Amino acid sequence: DGGITQSPKYLFRKEGQNVTLSCEQNLNHDAMYWYRQDPGQGLRLIYYSQIVNDFQKGDIAEGYSVSREKKESFPLTVTSAQKNPTAFYLCASSIGYSRGSFYNEQFFGPGTRLTVL
Amino acid sequence: AQTVTQSQPEMSVQEAETVTLSCTYDTSENNYYLFWYKQPPSRQMILVIRQEAYKQQNATENRFSVNFQKAAKSFSLKISDSQLGDTAMYFCAFRYGGATNKLIFGTGTLLAVQP
(Lines give C-alpha, C1' and ligand atoms only; values in the text may rest on other atoms or scores of the structure.)
Protein backbone atom coordinates (compact mmCIF):
# COMPACT_ATOMS: atom_id res chain seq x y z
CA ASP A 1 0.00 0.00 0.00
CA GLY A 2 1.23 3.48 -0.85
CA GLY A 3 1.30 6.06 1.86
CA ILE A 4 3.19 8.22 4.30
CA THR A 5 4.63 6.87 7.52
CA GLN A 6 5.81 8.87 10.48
CA SER A 7 7.70 7.49 13.41
CA PRO A 8 7.56 7.36 16.28
CA LYS A 9 3.92 8.05 17.13
CA TYR A 10 4.86 9.48 20.54
CA LEU A 11 8.21 11.01 21.40
CA PHE A 12 9.52 12.38 24.66
CA ARG A 13 12.50 14.65 24.91
CA LYS A 14 14.40 16.27 27.72
CA GLU A 15 15.03 19.97 27.52
CA GLY A 16 18.26 20.78 25.72
CA GLN A 17 18.22 17.68 23.54
CA ASN A 18 17.86 17.53 19.79
CA VAL A 19 15.39 15.01 18.40
CA THR A 20 14.66 13.81 14.87
CA LEU A 21 11.22 12.93 13.55
CA SER A 22 11.02 10.52 10.66
CA CYS A 23 8.83 10.89 7.57
CA GLU A 24 8.86 8.39 4.71
CA GLN A 25 6.62 8.19 1.63
CA ASN A 26 6.33 5.58 -1.12
CA LEU A 27 3.97 7.59 -3.31
CA ASN A 28 6.76 8.73 -5.66
CA HIS A 29 5.95 12.32 -4.73
CA ASP A 30 8.45 15.08 -5.42
CA ALA A 31 7.27 17.52 -2.76
CA MET A 32 7.22 17.03 1.01
CA TYR A 33 6.19 19.25 3.92
CA TRP A 34 6.36 19.53 7.69
CA TYR A 35 3.59 21.15 9.71
CA ARG A 36 3.17 21.88 13.40
CA GLN A 37 -0.25 21.72 15.07
CA ASP A 38 -0.99 23.33 18.44
CA PRO A 39 -4.33 23.35 20.30
CA GLY A 40 -6.64 26.08 19.03
CA GLN A 41 -4.46 26.76 16.01
CA GLY A 42 -4.43 25.47 12.50
CA LEU A 43 -1.47 23.75 10.93
CA ARG A 44 1.57 25.94 10.44
CA LEU A 45 4.24 25.22 7.86
CA ILE A 46 7.75 24.59 9.19
CA TYR A 47 9.74 23.54 6.11
CA TYR A 48 8.97 22.23 2.66
CA SER A 49 10.92 20.60 -0.14
CA GLN A 50 9.89 20.51 -3.78
CA ILE A 51 12.75 18.33 -4.96
CA VAL A 52 15.61 16.23 -3.62
CA ASN A 53 18.51 18.22 -2.14
CA ASP A 54 16.44 21.39 -1.95
CA PHE A 55 14.21 22.79 0.77
CA GLN A 56 12.76 26.14 1.89
CA LYS A 57 11.77 27.62 5.22
CA GLY A 58 8.10 27.89 6.01
CA ASP A 59 6.43 30.29 8.41
CA ILE A 60 7.91 28.94 11.65
CA ALA A 61 11.31 27.46 10.75
CA GLU A 62 13.27 28.82 13.72
CA GLY A 63 14.63 26.04 15.91
CA TYR A 64 14.06 23.35 13.27
CA SER A 65 16.21 21.80 10.55
CA VAL A 66 15.55 19.36 7.72
CA SER A 67 17.34 17.38 5.03
CA ARG A 68 16.18 15.87 1.75
CA GLU A 69 18.84 13.43 0.61
CA LYS A 70 16.35 10.93 -0.80
CA LYS A 71 13.05 11.42 -2.58
CA GLU A 72 11.28 9.15 -0.11
CA SER A 73 12.53 10.72 3.10
CA PHE A 74 12.23 14.14 4.74
CA PRO A 75 13.37 14.01 8.39
CA LEU A 76 12.76 16.93 10.73
CA THR A 77 15.15 17.76 13.58
CA VAL A 78 13.79 19.73 16.50
CA THR A 79 16.79 21.44 18.01
CA SER A 80 17.35 22.76 21.51
CA ALA A 81 16.89 26.25 20.05
CA GLN A 82 13.16 25.62 19.61
CA LYS A 83 11.68 27.34 22.65
CA ASN A 84 8.35 25.52 22.80
CA PRO A 85 8.67 22.22 20.93
CA THR A 86 5.78 20.33 22.55
CA ALA A 87 3.26 19.89 19.73
CA PHE A 88 1.78 17.51 17.19
CA TYR A 89 3.88 17.28 14.01
CA LEU A 90 2.45 16.31 10.65
CA CYS A 91 4.34 15.39 7.51
CA ALA A 92 2.74 15.63 4.06
CA SER A 93 3.66 15.01 0.45
CA SER A 94 2.32 15.94 -2.97
CA ILE A 95 3.03 15.08 -6.59
CA GLY A 96 4.79 18.32 -7.34
CA TYR A 97 4.01 21.40 -9.35
CA SER A 98 5.59 20.18 -12.57
CA ARG A 99 2.90 17.55 -12.95
CA GLY A 100 -0.04 19.91 -12.78
CA SER A 101 -1.03 22.52 -10.28
CA PHE A 102 -4.59 21.64 -9.40
CA TYR A 103 -4.04 17.98 -8.65
CA ASN A 104 -1.36 18.92 -6.18
CA GLU A 105 -3.25 17.48 -3.26
CA GLN A 106 -1.23 17.09 -0.10
CA PHE A 107 -1.44 13.68 1.54
CA PHE A 108 -0.73 13.58 5.26
CA GLY A 109 0.98 11.08 7.52
CA PRO A 110 -0.47 9.98 10.88
CA GLY A 111 1.63 12.46 12.88
CA THR A 112 4.08 12.42 15.78
CA ARG A 113 3.24 13.79 19.19
CA LEU A 114 6.38 15.37 20.72
CA THR A 115 6.46 16.15 24.42
CA VAL A 116 9.31 17.94 26.14
CA LEU A 117 9.79 16.86 29.73
CA ALA B 1 -0.46 38.23 3.84
CA GLN B 2 -3.09 35.67 3.15
CA THR B 3 -5.26 34.67 6.09
CA VAL B 4 -7.98 32.11 6.62
CA THR B 5 -10.64 32.63 9.29
CA GLN B 6 -12.98 30.07 10.76
CA SER B 7 -15.23 31.90 13.19
CA GLN B 8 -16.98 28.85 14.66
CA PRO B 9 -14.67 27.04 17.11
CA GLU B 10 -17.29 24.37 17.85
CA MET B 11 -20.56 23.21 16.33
CA SER B 12 -23.05 20.47 17.02
CA VAL B 13 -25.59 18.78 14.76
CA GLN B 14 -28.06 15.96 15.11
CA GLU B 15 -27.53 12.82 13.09
CA ALA B 16 -29.20 13.02 9.64
CA GLU B 17 -29.43 16.81 9.82
CA THR B 18 -27.55 19.36 7.71
CA VAL B 19 -24.82 21.65 9.02
CA THR B 20 -22.80 24.46 7.45
CA LEU B 21 -19.28 25.40 8.51
CA SER B 22 -18.04 28.89 7.69
CA CYS B 23 -14.71 30.01 6.27
CA THR B 24 -13.54 33.37 5.03
CA TYR B 25 -10.18 34.26 3.57
CA ASP B 26 -8.25 37.31 2.58
CA THR B 27 -6.12 37.52 -0.54
CA SER B 28 -5.30 39.86 -3.39
CA GLU B 29 -4.57 36.95 -5.70
CA ASN B 30 -6.96 35.94 -8.46
CA ASN B 31 -5.68 32.40 -9.03
CA TYR B 32 -5.91 30.15 -6.00
CA TYR B 33 -7.45 27.00 -4.59
CA LEU B 34 -9.50 26.30 -1.49
CA PHE B 35 -9.79 23.09 0.48
CA TRP B 36 -11.64 21.56 3.38
CA TYR B 37 -9.75 18.96 5.41
CA LYS B 38 -11.21 16.69 8.07
CA GLN B 39 -9.25 15.56 11.13
CA PRO B 40 -11.08 12.85 13.11
CA PRO B 41 -10.00 11.77 16.60
CA SER B 42 -7.31 9.59 15.01
CA ARG B 43 -5.72 12.92 13.94
CA GLN B 44 -5.25 11.73 10.37
CA MET B 45 -5.82 14.66 7.99
CA ILE B 46 -8.19 13.76 5.16
CA LEU B 47 -9.09 15.93 2.17
CA VAL B 48 -12.86 16.40 1.99
CA ILE B 49 -13.35 18.73 -0.95
CA ARG B 50 -11.51 21.30 -3.07
CA GLN B 51 -12.43 24.27 -5.23
CA GLU B 52 -10.61 26.16 -7.97
CA ALA B 53 -11.12 29.92 -7.68
CA TYR B 54 -11.71 30.39 -11.39
CA LYS B 55 -14.58 27.91 -11.42
CA GLN B 56 -17.93 29.42 -10.54
CA GLN B 57 -19.61 26.07 -10.06
CA ASN B 58 -19.57 24.90 -6.48
CA ALA B 59 -17.75 21.63 -5.82
CA THR B 60 -19.65 18.63 -4.46
CA GLU B 61 -18.47 15.28 -3.12
CA ASN B 62 -21.35 13.02 -2.12
CA ARG B 63 -22.83 14.52 1.09
CA PHE B 64 -20.32 17.37 1.12
CA SER B 65 -20.72 20.56 -0.89
CA VAL B 66 -19.34 24.07 -0.77
CA ASN B 67 -20.79 27.52 -1.24
CA PHE B 68 -18.00 29.50 -2.87
CA GLN B 69 -18.58 33.25 -2.98
CA LYS B 70 -15.47 34.72 -4.59
CA ALA B 71 -16.41 38.38 -4.27
CA ALA B 72 -17.20 37.93 -0.60
CA LYS B 73 -14.14 35.69 -0.11
CA SER B 74 -16.27 33.07 1.54
CA PHE B 75 -15.97 29.29 1.30
CA SER B 76 -18.48 27.44 3.48
CA LEU B 77 -18.85 23.66 3.77
CA LYS B 78 -22.26 22.02 3.90
CA ILE B 79 -22.59 18.50 5.25
CA SER B 80 -25.91 16.85 4.45
CA ASP B 81 -27.37 13.82 6.21
CA SER B 82 -24.75 14.10 8.98
CA GLN B 83 -23.36 10.82 10.25
CA LEU B 84 -21.62 9.96 13.51
CA GLY B 85 -18.42 9.40 11.54
CA ASP B 86 -18.45 13.03 10.50
CA THR B 87 -17.45 14.00 14.05
CA ALA B 88 -14.08 15.66 13.57
CA MET B 89 -12.15 18.90 13.42
CA TYR B 90 -12.63 20.58 10.05
CA PHE B 91 -9.99 22.88 8.61
CA CYS B 92 -10.39 25.31 5.76
CA ALA B 93 -7.20 25.89 3.75
CA PHE B 94 -6.00 28.25 1.03
CA ARG B 95 -3.31 27.68 -1.59
CA TYR B 96 -1.83 29.99 -4.19
CA GLY B 97 -2.06 28.96 -7.82
CA GLY B 98 1.66 29.43 -8.35
CA ALA B 99 4.65 27.14 -8.21
CA THR B 100 4.74 26.60 -4.47
CA ASN B 101 2.16 24.39 -2.87
CA LYS B 102 2.02 26.13 0.50
CA LEU B 103 -1.22 25.66 2.36
CA ILE B 104 -2.53 28.27 4.80
CA PHE B 105 -4.93 26.79 7.33
CA GLY B 106 -7.70 28.25 9.43
CA THR B 107 -7.91 27.46 13.14
CA GLY B 108 -10.53 24.77 12.65
CA THR B 109 -14.11 24.01 13.66
CA LEU B 110 -14.80 21.07 15.95
CA LEU B 111 -17.98 19.38 14.73
CA ALA B 112 -19.86 16.98 16.99
CA VAL B 113 -22.59 14.83 15.46
CA GLN B 114 -25.09 13.80 18.11
CA PRO B 115 -27.07 10.54 17.89
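Which residue forms a salt bridge with A:K71? The views below answer this and describe other sites in a predicted model. In this predicted model, local features need pLDDT of at least 70 and side-chain atom pairs count only at pLDDT 80 or more, while totals for chains, interfaces and linings use all residues; side-chain values use heavy atoms, with hydrogens and water left out. Residues are numbered from 1 along each chain as its sequence is written, and chains are lettered from A and ligands numbered from 1 in the order in which they are written.

**View 1. The salt bridge of A:K71 and A:D30.** A:D30 is the partner of A:K71, with the closest N and O atoms 3.4 Å apart. A salt bridge is a side-chain nitrogen of Lys or Arg within 4 Å of a carboxyl oxygen of Asp or Glu. The pair links distant parts of the chain, 41 residues apart. A:K71 sits in the loop between β7 (64–66) and β8 of chain A, A:D30 in the loop between β3 and β4 (31–37). Strands (E, at least two residues) are DSSP runs, numbered from the N terminus. A:K71 is partly exposed at 21% relative accessible area; A:D30 counts as buried at 18%. Buried means under 20% relative accessible area, exposed over 50%, partly exposed in between (1.4 Å probe, protein chains only).

View 2. A:S49 has 0% relative accessibility and counts as buried. Its side chain makes a polar contact of 2.8 Å with the side chain of A:R68. A polar atom of the A:S49 side chain also lies 3.0 Å from the backbone oxygen of A:I51. A polar contact is a pair of N or O atoms within 3.5 Å; within protein, one must be able to donate a hydrogen and the other to accept it, and residues adjacent in sequence count only if both atoms are side-chain atoms. Beyond four places in sequence, A:S49 touches residues including A:D30, A:M32 and A:F74 (contact: heavy atoms within 4.5 Å).

**View 3. A:N18 and strand β3 of chain A.** A:N18 lies in the loop between β2 (10–13) and β3 (19–25). Its side chain reaches the backbone nitrogen of A:S80 at 2.9 Å. β3(A) has a covered face of A:V19, A:L21, A:C23 and A:Q25. Its uncovered face holds A:T20, A:S22 and A:E24. In a regular strand the side chains alternate between the two faces of the sheet. Three bridges join β3(A) to the antiparallel strand β8 (residues 76–78). There, A:T20 stands opposite A:T77.

**View 4. The interface of chain B and chain A.** Here 22 residues of chain B contact 24 residues of chain A. The two chains bury about 2100 Å² between them, 52% of it on carbon and sulfur atoms. Buried area is the accessible area (1.4 Å probe) that two parts lose on being put together, summed over both. In chain B, B:R43, B:R50 and B:N101 lose the most area to chain A, together 28% of what that side buries. Two salt bridges cross the interface. One of the pairs that form a salt bridge is A:E105 with B:R50, at 3.5 Å between the closest N and O atoms. B:R50 is partly exposed at 24% relative accessible area, whereas A:E105 is buried at 17%.

Key
Helix = DSSP H or I, 4+ residues; strand = E, 2+ residues; numbered from the N terminus. Pairing = 2+ DSSP bridges.
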